Amino acid sequence: MSVNETYQRWRYRYVPDHLLGEILAKNWVDNAIPVLFLVLAIAVFSTIIPGFFTIGSLSTIARVLGEYMFICIGMTLVLKAGEST
C-alpha cells in the first residue's frame, strides 16, 4: 500500500467533506445564514464601538432605521406599481 493510498483512505474516513454540502442543501440554511451574519455583525460592532448598547445609541439607531423603513416602503410601492403596467 502506497502513501498516497493511505492518505486517501484516511481522508475519506475522517474528513466529512460531504457534510458541508448536505448542510447547505437544507431549506432552513437560506434563512439561517443571514441571521448568523446579523448576529456576527452586532457582536463585532458591540465590541469595537464603546457604548453601542446604551439607550442614547439605540434611540438614534431606531430613529434612523425608521426613516430608512419609510424610504424602503416607498421604493417598494414604486417598483410594484411599475410591474403592474
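Here is a short tour of this predicted model, stop by stop.

Residues count from 1 along each chain as its sequence is written, and side-chain values use heavy atoms, with hydrogens and water left out. Because the model is predicted, local features need pLDDT of at least 70 and side-chain atom pairs pLDDT 80 or more, while totals for chains, interfaces and linings use all residues.

**Whole chain.** Start with a cartoon view: you'll find 4 helices and 0 strands (DSSP runs numbered from the N terminus, H or I of at least four residues for helices, E of at least two for strands). The C-alpha trace spans about 70 × 50 × 20 Å along its principal axes. How much of the protein is buried? Buried residues make up 4% of the 85 residues (buried means under 20% relative accessible area, exposed over 50%, partly exposed in between, with a 1.4 Å probe and protein chains only).

**Phe-52 and Phe-53.** Now select these two, the 1 aromatic pair in the structure. Their ring centres sit 5.1 Å apart with planes at 75°, so the pair is edge-to-face (centres within 6.5 Å make a pair; planes under 30 degrees apart are stacked, over 60 edge-to-face, the rest tilted). Phe-52 is buried at 18% relative accessible area, whereas Phe-53 is exposed at 51%.

**Leu-38.** Next, hop to helix 3, where Leu-38 lies. Leu-38 counts as exposed because its relative accessibility is 52%.

Terms used. Phe/Tyr/Trp six-rings, centres within 6.5 Å; stacked < 30°, edge-to-face > 60°.
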